[in-house]
Amino acid sequence: MNRDEILSRIAAAPDLGALESLRVETLGKSGSVTALLKSLGQMDADTRTREGPAIHGLREAVTNGIAERKAALENAELDRRLATERLDLSLPAPSSPKGSIHPVSQVLDELTEIFADLGFAVAEGPEIEDDWHNFTALNIPETHPARAMHDTFYVEGDGHHVLRTHTSPVQIRTMQTQKPPIRIIAPGRVYRSDSDATHTPMFHQIEGLVIDRGITLGHLKWTLETFLKAFFERDDIVLRMRPSYFPFTEPSAEVDVGWSMEKGRRVVGGSEGWMEVLGSGMVHPKVIANCGLDPNEWQGFAFGTGVDRLAMLKYGMDDLRAFFDGDLRWMKHYGFRFFDVPTLSGGVGA
Ligand code: DAH
């Protein structure tokens, strides 16, 4: 084999095994190039000077050729492996996603996003609640008329369990288990035996609770104003706080939001009229004490509102019962797309 032949066979070696055979054939102990190198020793000085550079050059060319081919074969092998092990993460989404996000879920996500930004964590409590957490600890003793007003569903059995009538018991559970300062919202299902266009036996509330030192009504008002402006995505939200009564707050205030007529529709914003949206107040010292905290050291505010109602006001549904009918046509009309994830930066309104 002459030089060109050797080099072209190396360059065409089909795999690493064939290449190794060629290396042994040329550079191995009894290889052809090795033999040429050995022959240099038997040459006289003149011949060696003449032949030497060519033979050394051949050895170098063969060595380089083998290294190059080896690298090329190894790369090809790696490419082949990468190609077979490839995982395609870019599968196309189905062209028309089935289903949609229920407005209640969407609004709950919006509320969570808004309050998370204000430093509130989400707290939860059981839907089957005991009497003490749902009423007594909230300063609603057994003889209190508020118990009757709640249209409570009682659980059969020990007579001490109810389907919670509001999310306020989560206030109690949170104060019992967390050290202040506390800033939580508690969204969830609540139950009352009531049914008409604006009432369903199951509905959703969200509770807010802040417990810290030196908390005042001013903190409450600012928080509610900030929340409602973010939720309705309008700066012209006007609040009106009306003195009211809840057993678990003192003082208590009902919060109205101003509405105005736009294109024949009543929308939130401005102050042509008022509608009630929230109950709120400063947490009653007795409630704080019932949870084992010292009301002289800790104060706070609380508020509660209906999530379904907020959804109706924002997205314009007028019959609450339709929320829970499971009618696909209603869901198609009022539901949200999976990609409408509420973010403050994107505007929580989806
Ligand atoms: N729990 C009350 C209800 O269901 C709403 C409420 C009013 C919650 C005032 C509060 C509050 O936290 O401070 O009607």
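**Around the ligand and along the chain**

Author: Let's start at the ligand: β5 (202-212), β9 (273-283) and β10 (299-306) each supply at least two residues of the shell around the ligand. Please keep in mind that this is a predicted model.

Reader: Which residues of the shell are the closest to the ligand?

Author: The closest are H166, S168, R192, Q205 and E207, and 15 residues surround the ligand in total.

Reader: How many residues of each class does the shell around the ligand have?

Author: The shell has nine polar, four nonpolar and two charged residues.

Reader: What lies 2.6 Å from an oxygen atom of the ligand?

Author: That is a polar side-chain atom of E207. In R192, an N or O atom of the side chain is 2.8 Å from a ligand oxygen, and for Q205 the value is 2.9 Å. The cut-off for a polar contact is 3.5 Å between N or O atoms, so the R192 and Q205 pairs fall within it. Taken as a whole, the protein covers 90% of the 360 Å² of accessible area that the ligand has on its own.

Reader: What is the space taken by the ligand?

Author: That space is the largest pocket.

Reader: Let's move on to single residues. Why is D256 called buried?

Author: Its relative accessible area is 2%. Buried means under 20%, so D256 belongs in that class. You can find D256 in strand β7.

Reader: What makes a polar contact with the side chain of D256?

Author: The side chain of R242 does, at 2.7 Å. The limit is 3.5 Å, so this pair of side chains lies within it.

Reader: Why is S21 called partly exposed?

Author: S21 has a relative accessible area of 42%. S21 lies in helix α2 (residues 16-27). From S21 to I10 it is eleven residues in sequence and 9.9 Å in space, C-alpha to C-alpha.

Reader: Is N139 buried or exposed?

Author: N139 is buried, because its relative accessible area of 16% is under 20%. Its phi is near 70°, a positive value in a residue other than glycine. N139 sits in the loop between α6 (131-134) and α7 (145-149).

Reader: What is the phi of E233?

Author: E233 has a positive phi of about 55°, although it is not a glycine. Its place is the loop between α9 (217-232) and β6 (239-246).

Reader: And why does E233 count as partly exposed?

Author: The relative accessibility of E233 is 42%.

Reader: What kind of peptide bond joins P180 and P181?

Author: A cis one, with omega about 0°. P181 is in the loop between α8 (169-177) and β4 (182-191).

Reader: Which residues does the cis peptide bond with omega about -5° join?

Author: That bond joins E250 and P251. P251 is found in strand β7 (residues 249-262).

Notes. Residues numbered from 1 in each chain as written. Predicted model: local features only at pLDDT ≥ 70, side-chain atom pairs only at ≥ 80, totals over all residues. Heavy atoms only, no water. Helix = DSSP H or I, 4+ residues; strand = E, 2+ residues; numbered from the N terminus. Buried < 20%, exposed > 50% of the residue type's maximum accessible area, 1.4 Å probe, protein only. Near = heavy atom within 4 Å. Polar contact = N/O pair within 3.5 Å; in protein donor to acceptor, adjacent residues only side chain to side chain. Areas by Shrake-Rupley, 256 points an atom, 1.4 Å probe, with all protein chains shown as cover. 1 Å grid on protein atoms, 1.4 Å probe; cavity = no way out; pocket = protein on both sides within 12 Å on 5 of 7 lines; lining within 4 Å. Sits in = over half its atoms within 2 Å of the grid points. Nonpolar A, V, L, I, M, F, W, Y, C, P; charged D, E, K, R; others polar.
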